[in-house]
Amino acid sequence: MAFADEVVKDGRELIWALDVSTDNFATTLYRWATRSFLLGANWYEERLCRLGNIKRGFAADHLPAASSFSASVDNTDFVADFLVTQATVETVTFKARFRLYCGVTDSAGAVVTQLIGTFVLLDFPTRDSSVVKLSLADDSMGLLADLLVPPNFADWEGIATPATEVFVGQGVENIDTQAPFPLQFGPPPYIGFPLGHYGSPILGTSFDGTAFVSSGGVGLPRRTLFPVVVCATRDSATITADDVSGPVYCVFGQQTNRPDLAGFKVWLPETFPNPKGAAGSIHLRMWKAYKSDTITKNGYAWKILWLAFSLDAYVAWMTSSLWALQNVPWTPSGALDLGRAYPLAADYPVPLTSAAGVPSGSWSQKWCSAVFRAIDYFELAGKPGSQLTGKANPGHPIDIMQDLVEHYSALGSSAVDTTRFARCRKATTKLAKGMVAAGDTRGTAARGGQALNTQNLSAFGLGTLRSTIRDLASSHDFDVFMTTSGQVGLVSQFADFETQTGTFPSVDEEKQAGVSDRIPSVGERWSPYNRVFIEAPDGGQLGPYDNAAAITSWGRVIAKVVGGKWWASLFDSVLVAGLTSSPMWQGRNLESKARPIISFVTDVSILAVDLGEYFTMSWTRGGANAAYSSSLWRIESMVISPSIGRVSVEAVWFADLQTDQPYLLDNETLVVRATPAHSLTVTDGSSTITRAGGSFITDAVAAGDIIRLRDTTETAATPDTEAFTRNRDVRVASVTDALNLVIVVGDTDFGTAGAHVIAAADWLMLRGATTYPSVITDAANYPSGSAFFGKISSGGVYSNAAAANKLLDG
Amino acid sequence: MSYAYAVTPALSGLAATAFTWTPATTTNRAFLNDGRMDKRFAVAATATTVNVVIDMGAATLLKGIALLNSNIASAPGGTPQVQVLAADDAAITLNVVQAKSTTNLNITAPKQKDHVLQFTGAQTKRYWQIIWSWSASAFALQLGELFAFAASPQLTRKSDYGGGESNDIRTSVVEFDTGNSRGYFLGGPVRAKRLPFSLHTESQRLELETLHAAVKADATPFLWIPSYEAVATGAAAAEQEVIYGRLEVNEFAWTEGDYQLFDPSELVIRSLGREVGS
C-alpha cells in the first residue's frame with residue numbers, strides 16, 4: 001500500500017494535502033486538503049480550494065529553479081485568518097512552514113500520500129472575503145537562502161576567550177565591528193585577518209598574557225598582543241593540537257616603498273630563542289592558537305578560531321638574523337624564487353625599530369599600525385577551519401555542503417538527505433575550498449592604505465548561502481535540490497555507483513502525451529560545448545580550455561563558463577601560484593556531447609521518481625520509427641498541475657550512462673561471458689562438456705575461456721574418490737558447436753563414473769587469462785578514465801596496488 | 001407532502017461534552033456539530049445498538065434532527081433502525097417522550113447516507129437521545145453531522161414538472177498520445193436538486209424569497225426536506241429524505257408571466273461534499 005504502488009493504478013481518488021507548522025513540524029498546526037480524509041489519527045480538512053502549478057526542477061546554476069506556487073485556502077469560517085492577521089503574523093506567519101502531499105486512495109479506500117515538498121511563504125499571504133491566498137516557495141528560497149550570521153568583533157568583546165580571560169577590543173579603529181567573521185572551508189592554508197590591520201592597534205589588556213611568558217620567565221607586554229582571526233565555527237569541540245596550529249606565515253602586501261616584496265611569505269615560528277637572551281635559556285612566543293568560548297548569536301552557538309599574535313616577538317624575530325636563515329624567498333605566485341635575494345631586516349617595508357617619519361619609542365599606536373600595514377594577511381596551515389563534517393581531512397565538497405546545510409543554515413541537522421549525500425560523496429573526488437566573509441570593498445585609502453585580500457571571498461550578503469552553494473556545486477559538478485521528503489538532496493551530474501548497479505523505473509508509452517525532444521540551447525543546462533572557461537575564485541575567468549577533438553569534429557566553437565570558485569586547487573593556485581595550467585577536461589566532469597532533452601506530459605505516477613533520478617522510456621512514434629528505445633533519462637524538471645493530475649516532465653538523455661564510462665566493480669562481472677540458463681553435463685573421463693540449451697557460440701566462448709563448476713550437489717560429506725571434482729575451473733580448448741566444447745585435456749575426473757548434470761545456477765563461463773579484453777572496443781574492457789568504486793577505491797579514486805588484488809574475487 | 005427547509009442548526013453552540021455516547025467515545029465529538037459533514041465522528045464498534053444523549057443545556061423545542069453523512073447503511077444484518085427519545089434527565093428516565101418512533105432507515109443509494117427525522121414539535125426537553133440499532137455483529141457507526149432544528153418552514157407549492165435530481169462525480173482524465181487515458185476520481189457523487197417554479201402567487205413567491213434570504217443565497221448550508229411531516233410515528237423512506245447543501249442561486253429573480261402570477265428563479269440545491277472514500 002505504498003504510494004508508488006497505488007499511484008500507477010487507474011481510478012484512484014486524487015487528493016492534495018497541506019500541513020502547516022510553526023516549529024518545523026515538531027507539531028502540526030493545521031492539516032488541510034482538497035477533500036477531507038482521515039490519515040492515521042489525523043483528519044485532513046477540506047480547505048484547499050485552488051492549487052496552482054508546482055514547478056520542481058534544476059536551474060542552470062545547479063540549484064533548484066526558483067519557483068513558487070499559489071494555494072488558496074478556504075477562509076469563509078475565518079480559520080485561516082491567523083496567516084494574515086496583524087497580531088499573529090509575527091508569531092505564526094514568519095515561522096510557518098508548509099508540507100504539500102499528493103495522496104491517492106488504495107483499493108480499500110484508505111489514503112496513501114507522497115510528500116511533494118516543504119515550503120515557506122515566499123510572500124505574505126493575501127486575504128479576501130472568502131480565501132487566503134498563499135504564495136509558497138521551497139527552501140531554496142527560504143531557509144537555504146541565507147547563512148546563519150557568524151559573530152562579529154562586537155559579539156566577541158566581553159566573551160571569555162580563552163577561559164577566565166576576557167577579550168577587550170579597546171582601541172579599535174577603522175574596523176567594522178559589525179562585519180561577520182569569515183567562514184573558511186576546505187584544506188588549509190587559511191587566511192588570518194589581523195584585527196589591528198587598518199589603523200590603531202588592538203590591545204588585549206586583559207587577555208591571557210601569561211601564555212606568552214617565556215620559559216625564562218620573561219613575559220612580553222600584553223599591550224602588543226593582537227588578535228588574528230581565522231574564522232568562526234559551529235564546532236563546539238575543544239581546540240585540539242591540529243586546530244589552527246601548524247606553520248603560520250605572514251604575507252606582505254603591496255608597499256609603495258618596496259613593491260617587490262608584495263606577496264612575500266615569511267614563516268613565523270610559534271616560539272624562538274630570544275635573540276637578546278642567553279643562548280638556550282629564554283624563548284619568546286610569537287603566537288598562540290585559541291578557540292574562543294561560546295558566543296551565542298541569534299540563538300546559535302559559535303566559537304572563534306584565532307591567533308594571539310605578539311608584535312613584540314614579531315619585531316624581535318624580524319630584526320634578528322634568525323628569520324632570514326629560516327625563510328626562503330617566495331615569489332608572489334608562491335614558488336621558490338632562488339634567484340632572488342633574501343629580504344633582510346633592513347628590507348622590511350617599514351622601519352621595525354625607528355626611522356624618519358615614525359615616532360621613536362617604537363610602541364606607539366602609529367608605529368604598530370605601520371608595522372601591521374606591511375602585512376597583507378596571515379596564512380595558517382592548521383585545520384579544519386570552519387568545517388565539522390569530515391574535519392579530519394577537510395575539503396570534500398560534499399562534507400562542506402553538509403556543513404553549510406546542517407550547521408551554517410537554519411535548516412538544522414535533519415535537513416540533509418544522507419543517502420543522496422553519500423552517493424554524491426562517492427562520485428565527487430576533487431577537493432573544495434572557499435571562504436565566506438564580509439568583503440570590504442572600499443578603496444584602499446578608506447582602509448588606511450591597506451590592500452586587504454578580498455578576491456577569494458564569497459561575499460557575505462543577501463542570499464549568501466544560496467550563492468555559496470551555487471559556487472560550491474558548480475565547482476564540483478553536482479546539483480542541489482529539495483527532495484520530496486523536504487530535505488536538501490544532491491545528485492551527481494554524471495554516473496555514481498548506484499546508477500551503474502541500480503534498476504530504473506520505466507515510463508510506458510501508454511502514459512505519454514505531447515512528446516518532443518531537442519538539444520538544449522547554448523546557455524541552458526546540458527547544452528553542448530567544446531571550450532570552457534573556468535570561473536576563478538576572484539570572479540574572473542581562466543581559459544580557454546579546449547576539447548580540440550570536439551572543436552575539429554563540430555567545426556565550430558561553443559564555449560561555456562563552468563564554475564571553479566570553490567575548486568581547491570584553483571583557489572590555492574590563484575592565492576599562491578597565480579594562474580593554473582591544470583588540464584581542466586581531465587580534472588572535471590566535463591564532456592563535449594549533445595544530450596537531448598525530452599519533454600512529455602504524463603500522470604502523477606511520475607511523482608514516485610524524484611529530480612535527478614533515472615527512468616527508462618521509449619518513444620517509438622506509433623511504432624513507425626523509434627526515436628528512442630528503452631533509453632535512460634534523468635529527470636530535470638516537473639511541472640505538476642494538481643487540479644488535473646497532470647505532470648509535465650523534462651528529462652535529459654543518459655542512454656550512455658552505463659556504457660560510456662563503466663565502473664570497475666568488486667564483483668568483476670565484466671569478465672563473465674554469459675550466465676547460463678541451462679544445465680551442463682560433464683562425464684567422468686571425458687573432455688567433452690555439453691550444455692542442455694543456449695549456445696557456446698552465441699555466448700562467444702573461445703579457447704582459453706574458463707568454465708567454472710560449482711556443483712552444489714557435490715558435498716564433502718559424500719566424497720567421490722577425490723572430493724570436489726565438480727567444484728573447480730576447467731579451461732576451454734575449443735568450441736565444437738553450440739552445445740558442446742572440449743576442455744584442455746588434463747584432469748577429467750568428474751567424480752563417479754558416468755555423466756553428471758550440473759544445474760544452471762552451478763556453473764559459469766568466464767574469460768580466461770588469454771581472452772581478457774585486449775582492445776578498447778571490447779565491451780568488457782575498461783575505458784581509460786573509468787571511475788572506480790568498491791574495495792580498490794578510496795573516495796572514488798583508485799587506492800593502491802595492495803588493494804587491487806581484491807579486484808580478482810570481490 | 002410539502003417542501004420544508006431548516007436553516008438554523010440547534011446544536012451549533014454546544015460543546016463536544018454535550019454529546020454523550022454509549023459506548024463511550026469522545027474522540028472528534030466536535031465534528032458532530034461543526035457545520036460540515038465531511039469530517040466524520042466514529043463511535044467505538046459495538047454490537048446491535050449505539051446511542052447518543054445530547055444535553056441542550058436547557059429545555060429546548062426541536063422539530064426534527066438530520067443524521068448526515070452516516071455509514072449506517074453498511075450496518076450488518078439488514079435494515080438498521082433509529083428512534084429519538086427526549087427526557088428531563090441525562091439518563092433518559094424522567095418524563096421520557098418518544099419524539100420519533102423506531103424508524104427503518106432508508107439504505108438505498110444515493111439517499112442512504114443522509115436521513116432526517118421530523119417530530120411533532122410538541123416536545124421541549126433538555127436531553128435528547130438518538131438510538132441506532134441493527135442486528136447481528138459489531139459495527140462502528142460513523143456520522144458526519146447532527147443537524148437539529150427548531151423550525152422547518154414549509155412551502156405551499158411544489159416545483160413544476162421538469163425538475164429533477166443529479167449525481168455529479170468529479171474526475172480528471174489525462175489523455176495520452178496513444179489514445180490511452182488515465183482517470184482520477186476527485187469526488188462525488190454530489191447530489192443536487194433542480195426545482196423549477198412557475199405561476200406563483202405573490203405569497204407563494206415570497207416564501208421562496210424568504211428561503212433565499214434566510215440562507216443568504218449560497219452562503220449558508222441548510223437542510224432541504226422534500227417531504228415535510230410532523231409526526232412521532234416512524235418515518236417512511238420518503239419522509240427521511242434530506243439534502244444538506246447550498247442554494248446555488250445568488251440572484252433570486254422573477255418575472256410576472258401572467259397577471260399577478262410570477263415565474264421565480266429555478267432553485268438548485270447541491271449537497272455539501274463528503275470525505276475521501278465516501
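Guide: Strand E13 of chain B gives the most to the lining of the largest pocket, with 6 residues. Strands (E, at least two residues) and helices (H or I, at least four) are DSSP runs, numbered from the N terminus. The model is predicted, so local features need pLDDT of at least 70 and side-chain atom pairs count only at pLDDT 80 or more, while totals for chains, interfaces and linings use all residues. Residues are numbered from 1 along each chain as its sequence is written, chains are lettered from A and ligands numbered from 1 in the order written, and side-chain values use heavy atoms, without hydrogens and water.

Visitor: What volume does the largest pocket have, and which residues lie nearest its centre?

Guide: Rolling a probe the size of a water molecule over the atoms shows where empty space is left. On a 1 Å grid over the protein atoms alone, a cavity is a set of points where a 1.4 Å probe fits but cannot get out; a pocket is an open set with protein on both sides within 12 Å along at least five of seven lines, and lining residues have an atom within 4 Å of a point. Points are joined across faces, edges and corners, and the volume is the space filled by probe spheres set on them. Here the largest pocket has a volume of about 1700 Å³. Its lining has 47 residues, with A:Thr34, A:Glu46, B:Arg246, B:Leu272 and B:Gly273 nearest the centre. Two or more lining residues come from each of E1, E4 and E5 (48–51) of chain A, and from each of E12 (164–175), E13 (181–195) and E18 (267–271) of chain B. The lining divides into 16 nonpolar, 12 polar and 19 charged residues. In this scheme Ala, Val, Leu, Ile, Met, Phe, Trp, Tyr, Cys and Pro are nonpolar, Asp, Glu, Lys and Arg charged, and the others, Gly among them, polar.

Visitor: How many cavities does the search find?

Guide: It finds 7 cavities of 30 Å³ or more. The largest cavity has a volume of about 90 Å³ and is lined by 13 residues, those nearest its centre being A:Lys55, A:Arg56, A:Gly57, A:Asp138 and A:Met482. Strands E6 (54–57), E9 (111–127) and E24 (478–482) of chain A each supply at least two residues of that lining.

Visitor: How many residues of chain A are in contact with chain B?

Guide: The size of an interface is often given as the accessible area lost when the parts come together. Chain A puts 35 residues in contact (heavy atoms within 4.5 Å) with 26 residues of chain B. The buried area (accessible area, 1.4 Å probe, lost by two parts on being put together, summed over both) is about 2300 Å², and carbon and sulfur atoms give 48% of it.

Visitor: Which residue forms a salt bridge with B:Lys39?

Guide: Side chains of opposite charge can pair when their charged atoms come close. A salt bridge puts a side-chain nitrogen of Lys or Arg within 4 Å of a carboxyl oxygen of Asp or Glu. The partner of B:Lys39 is A:Glu45, with the closest N and O atoms 2.3 Å apart. Between chain A and chain B there are 3 salt bridges. On the side of chain A that touches chain B, strands E1 (14–21), E4 (42–46), E27 (513–518) and E31 (597–603) each give two or more residues. That side has 12 nonpolar, 10 polar and 13 charged residues.

Visitor: Where is the peptide bond from A:Pro188 to A:Pro189, cis or trans?

Guide: Most residues other than glycine have a negative phi, and most peptide bonds are trans. The bond from A:Pro188 to A:Pro189 is cis, with omega near 10°, and A:Pro189 is in the loop between E11 (183–185) and E12 (190–194) of chain A. A:Asn24 has a positive phi, near 55°, and lies in the loop between E1 and E2 of chain A.
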